[in-house]
Amino acid sequence: MAKADFYETLGVSKTADEKDLKSAFRKLAMKWHPDKNPGDAAAEKKFKEINEAYEFLKDPQKRAAYDRFGHAAFEGGGPGGGAGGFQGAGGFSDIFEDIFGEMMGGRRRGGGGQSQGRERGEDLRYNMEITLEEAYSGKVAQIRVPSSITCDICHGSGAKPGTKPTTCATCHGSGRVRATQGFFSIERTCPTCQGRGQTISDPCTKCHGQGRVTEERSLQVNIPSGIEDGTRIRLQGEGEAGLRGGPSGDLYIFMSVKPHSFYKRDGADLYCMVTIPMVTAALGGKFEISTLDGTKSRVTVPEGTPTAKQFRLKGKGMPVLRSHQQGDLYVQIVVETPQKLTKRQRELLEEFQTLSSKENNPESTGFFAKMKDFFDTLSD
């Protein structure tokens, strides 16, 4: 039997944000949690499906892979793969704590005695704006990011040098205590150690027991050529430092490309409009256009070129990201009508009009002929 769509399992759309995903999961987890449905195998199965869907969709990388490849992304060793495409979900109490811990003064999963009070740092977001020229050629950018880093005095332990954290006497290092309420048996965060499994009697004077301090860091970011607006770059381990020596989060750089004054971009192709004199359009001619690779390309205008005529310059568009391919440049012609004519210029144009025939203006002649036929039909 084919696996159900993760979005359908949670009852959300594919555009749902992190808040919507979490809200939907809370409602469904409360309804189908095994502690609320003791002995109900169907409820347990439903809860596992809900849990699996949320585990993948809440992770930006796994969600992106799922949106592109579906369940196949997690099969046969694919991203996030494992037995049945589901790994590391933890027990029911872990999931319950992860989702409902906020309402009970809880914390994110990842602490407790097993990790000796360590917690993974938060992911960070940095918005970067570049020009179209920079998107074309690529660049190495230096950015400054204010974030938490590991304390250099206690080296992330949170304890004053020469001392160590001690096992919490309330939870005995587990980071959790169990409470029974009716038919519910809820495992919640230890109120003494806040789920870390350890307490610090003599905290570090610099980080005050957190194991990390806030500083501004300078990072180098490689922007590849051909990058598009909305692309996200991930710098692993460059996010917030983990609490008390835990692993650091990631830094996500969201790219935006400034609108260009001359070129419009559509994928790897570029578009622009060039205005030429009426005489050049009528008699033919040439003009040069500057391209993003720093060179000039010549465009030949044949005799009788009309407005909106488009010319294609192959390979003069944007590079395709992480590829040797190149898009094209499309140049659209706009014919300019002469203005502020001198007496002699007007005389010449009037003479030209007198000498003109239907062959000189085929489009306008054809249009007015069709209009006359239309009104003649109405009058019959």
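Author: The model is predicted. Start with I233, which stands opposite I253 of strand β9.

Reader: How many bridges join β8 to β9, and do the strands run parallel or antiparallel?

Author: Strands β8 and β9 (residues 251-257) are antiparallel, and four bridges join them.

Reader: In what order do the strands of that open sheet come?

Author: The order is β1-β9-β8, three strands in an open sheet with mixed pairing. At its edges are β1 (124-130) and β8 (232-235), each pairing on one side only. Ignoring direction, neighbouring strands here are turned by 25° against each other on average.

Reader: Now the sheet with four strands. What is its order?

Author: This open sheet has the order β10-β11-β15-β14, and its pairing is mixed.

Reader: Why is one side of β10 and of β14 left without a neighbour in the sheet?

Author: Strands β10 (264-266) and β14 (310-313) are at the edges and each has a single partner strand, so one side of each has no neighbour in the sheet. From one strand to the next, the twist averages 30°.

Reader: In which sense do β11 and β15 pair, and over how many bridges?

Author: The sense is parallel: β11 (residues 269-277) and β15 (residues 329-336) pair over eight bridges.

Reader: Which residue of β15 does P277 stand opposite?

Author: P277 faces E336 in β15. To review the two pairings, β8 with β9 is antiparallel, whereas β11 with β15 is parallel.

Technical notes: Residues are numbered from 1 along each chain as its sequence is written. This is a predicted model: local features need pLDDT of at least 70, side-chain atom pairs count only at pLDDT 80 or more; totals for chains, interfaces and linings use all residues. Side-chain values use heavy atoms; hydrogens and water are left out. Two strands pair if DSSP finds at least two bridges between them. Axes are lines fitted to C-alpha atoms, for helices over the stretch in contact, and angles run from 0 to 180 degrees between N-to-C directions.
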